[in-house]
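Here is a short report for a reader new to this structure. It begins with the ligand and then turns to the chain.

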Amino acid sequence: RKMQEAAEHNMKMHPMWQGPLAVPGGDRQSPIDIVVRKSVFDSQLKPLVTDYDPQTCQQIWNNGYSFLVEYDDTSDKSTLKGGPLQDKFRLCQFHFHWGESNAWGSEHTLDRRLFPAELHLVHWNSDKYSLFEEAVMEDNGLAVIGVFLKVGKRHEGLQKLVDALPAIRHKDSVVEFTRFDPACLLPSNTDDYWTYHGSLTTPPLTESVTWIVMKQHIEVSHDQLAVFRSLLFTSAEEEVQKSMVNNFRVQQPLCGRTVRSSFT
Ligand SMILES: NS(=O)(=O)c1ccc(C(=O)NCc2cccc(F)c2F)cc1
Ligand SMILES: [Zn+2]
């Protein structure tokens with residue numbers, strides 16, 4: 001209940017949610033609860049093929065809702081293909097969602113199970129479109145890989161990112177961030193995943209996302225996650241500082257969609 005209240009509080013309070021909450025006629029919204037035993041194995045689903053170039057990493061910034069690590073997506077240097085995808089997709093950014101406590105924070109759930117945080121690697125269809133802003137309006141425009149985070153051993157690869165966070169505590173702060181390989185954040189097994197058609201989980205909530213949610217989680221330490229929570233929703237000028245926590249959307253109705261699995 002507390003988790004739901006926290007998320008609803010943010011919905012009401014955070015400026016970004018003042019917009020249209022329900023997408024008119026939105027019948028493929030995200031996130032969702034993945035009911036594992038109702039997912040349908042599809043033998044046509046291929047292994048994911050990621051080919052990320054750490055040299056395309058550019059900056060890390062606080063957008064007032066999460067922190068984003070942005071990549072140069074002006075050419076096909078960091079790409080995703082395979083899996084459920086017919087086309088080649090370009091990585092543009094990754095970010096996370098997390099809770100104020102380790103008891104909740106993820107956007108997707110597995111049989112209602114909440115994780116303390118969730119990583120989203122955002123890609124757009126560069127075979128069909130020339131800009132993210134174009135692709136984000138189209139059915140097959142985006143592909144987002146979701147990875148659940150659990151609290152456990154320290155994630156060595158994540159530490160470089162954690163060390164950069166104090167420099168972007170406030171909304172709209174940006175720092176240069178280079179040579180970060182996002183592949184280090186993927187679980188060892190990327191062959192097992194669920195996939196379904198959904199939406200962005202923040203406004204404009206456009207229904208243009210092929211979601212690919214990894215079965216295997218990654219582990220980060222309690223202290224690493226605590227640094228996420230030291231970020232602020234608010235800019236340096238605002239008198240009341242608000243901790244950036246519970247920046248997740250509540251699960252949305254499945255509306256008859258089928259969630260497919262790449263594994264039995
Ligand atoms: N949480 S998630 O992975 O579903 C997600 C991914 C990307 C975005 C995003 O890029 N928003 C800004 C943005 C910028 C330009 C045009 C847009 F439509 C737009 F949403 C929002 C949510
Ligand atoms: Zn996200």
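## Around the ligand

Ligand 1 is surrounded by 14 residues, each with a heavy atom within 4 Å of it. The closest are F132, V136, T201, T202 and P204. By class, this shell holds seven nonpolar, six polar and one charged residues. Here Ala, Val, Leu, Ile, Met, Phe, Trp, Tyr, Cys and Pro count as nonpolar, Asp, Glu, Lys and Arg as charged, and the others, Gly among them, as polar.

The model is predicted: local features need pLDDT of at least 70, side-chain atom pairs count only at pLDDT 80 or more, and totals for chains, interfaces and linings use all residues. Residues are numbered from 1 along each chain as its sequence is written, chains are lettered from A and ligands numbered from 1 in the order in which they are written, and side-chain values use heavy atoms, with hydrogens and water left out.

## Polar contacts and burial

For T201 the distance is 2.8 Å. For H95 it is 3.3 Å, and for H97 it is 3.3 Å. A polar contact here is a pair of N or O atoms within 3.5 Å.

Taken alone, ligand 1 exposes 500 Å², and the protein buries 77% of that. These areas come from the Shrake-Rupley method with a 1.4 Å probe.

## Strands in the shell

Two elements give two or more residues to the shell around ligand 1: β7 (89-98) and β9 (117-125). The largest share, three residues, comes from β7. Strands are DSSP runs of E with at least two residues, and helices are runs of H or I with at least four, numbered from the N terminus.

## Salt bridges

The whole structure has nine salt bridges. Each is a side-chain nitrogen of Lys or Arg within 4 Å of a carboxyl oxygen of Asp or Glu. One of them joins the side chains of E100 and K2, at 3.9 Å from N to O. E100 lies in the loop between β7 and β8 (109-110) and K2 in helix α1 (residues 2-13), so the pair ties together parts that are 98 residues apart in sequence.

## Backbone details

The peptide bond from S30 to P31 is cis, with omega near 0 degrees. P31 belongs to the loop between α1 and β1 (33-34). Another cis peptide bond joins P203 and P204, with omega about 10 degrees. P204 is in the loop between β12 (193-198) and β13 (209-214).

R112 is not a glycine, yet its phi is positive, near 75 degrees. R112 is in the loop between β8 and β9.

Definitions and conventions: Polar contact = N/O pair within 3.5 Å; in protein donor to acceptor, adjacent residues only side chain to side chain.
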